[in-house]
Amino acid sequence: MEQSLDARTMAWVAIACLALLGGCSDVPPDVDLPPIDADRASRIAMDHYDTDHNGVLSRQELNAAPGILAGFSRFDADGDGEIRQEEIAGRIRAWQATGQSLITYTSFVEWNRRPLHAAQVKFIPEAFLADYVAPASGTTNESGMVMLDLIDKSPLREDQQDLTGVQPGVYRVEITSDKFTLPAKYNSNTTLGIELAPDVYARQIPTFRLTE
Ligand SMILES: [Ca+2]
Ligand SMILES: [Ca+2]
């Protein structure tokens, strides 16, 4: 009898939790990627997204940055419904405080409630992180599961080239399929975003649930 998706999900949750809690042997703590300059990156974010120039970012302005939108409640440290530059810098420092610069990361992709096989998933860092965070990608298996990995591994040391992982950050997510055309809201004009950080997905693996 075929194993249920729930059972598979639970197995992967267990594996991913170990990885996220630092218990995964293939991501040593000494992975040494260049740190994000939190002050500079947060300033770039304000320049980019504060289109009405009032010094804070609204949810509407952040439609241009689905990655931040996905982590809105964590960025909005004072809970006033808007995001200040210091709150962005604070969230970046929170990623850095975990000491993990590479995270083992898996996700699921569904199309109309069924696992989507052979879909290409790309994590593209939001523009304000582009100087610090590298894009990652992966292809879903028959269960719709994907493990993301850096597209260009040159930032990693020579002895760490066989590591699989993604840097903490906020990303736009683009999902495409060779078999049929997925709606633009999932790729060229994506509304999908994710905040990837060691303190975000310790309990649950997210599923991208795509529909018409
Ligand atoms: Ca604004
Ligand atoms: Ca705020």
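**Exercise 1.** Find out in which sense β7 and β8 pair, and over how many bridges.

*Solution.* Step one: β7 and β8 run antiparallel to each other, and four bridges link them. Strands count as paired if DSSP finds at least two bridges between them. Step two: look for a bridge partner; Val170 has Glu195 in β8. Step three: recall that strands of a sheet pair through backbone hydrogen bonds, in a parallel or an antiparallel way.

A note on the model: it is predicted, so local features need pLDDT of at least 70 and side-chain atom pairs count only at pLDDT 80 or more, while totals for chains, interfaces and linings use all residues. Residues are numbered from 1 along each chain as its sequence is written, and chains are lettered from A and ligands numbered from 1 in the order in which they are written.

**Exercise 2.** Describe the largest nonpolar core: which residues touch the most other members?

*Solution.* Step one: learn the term, a set of buried Ala, Val, Leu, Ile, Met, Phe, Trp, Tyr and Cys residues joined through C-beta atoms within 7 Å. Step two: among its 48 residues, Val109, Phe123, Val173 and Ile175 touch the most other members. Step three: the elements that each supply at least two residues include α2, β3 and β7. Step four: domain 1 (5-31 + 103-124 + 132-210) and domain 2 (38-96) each give at least three residues to this core; the bounds come from an automatic or database domain assignment.

**Exercise 3.** Decide whether Pro34 is buried or exposed.

*Solution.* Step one: locate Pro34 in the loop between α1 (5-20) and α2 (38-49). Step two: Pro34 is exposed because it has 12 C-beta neighbours inside 10 Å. The cut-offs are 20 or more other C-beta atoms within 10 Å for buried, 12 or fewer for exposed, and partly exposed in between, with C-beta atoms placed from the backbone. Step three: beyond its neighbours within four places in sequence, Pro34 is in contact (C-beta atoms, placed from the backbone, within 7 Å) with Tyr132 and Pro155.

Conventions
Contact = placed C-beta atoms within 7 Å.
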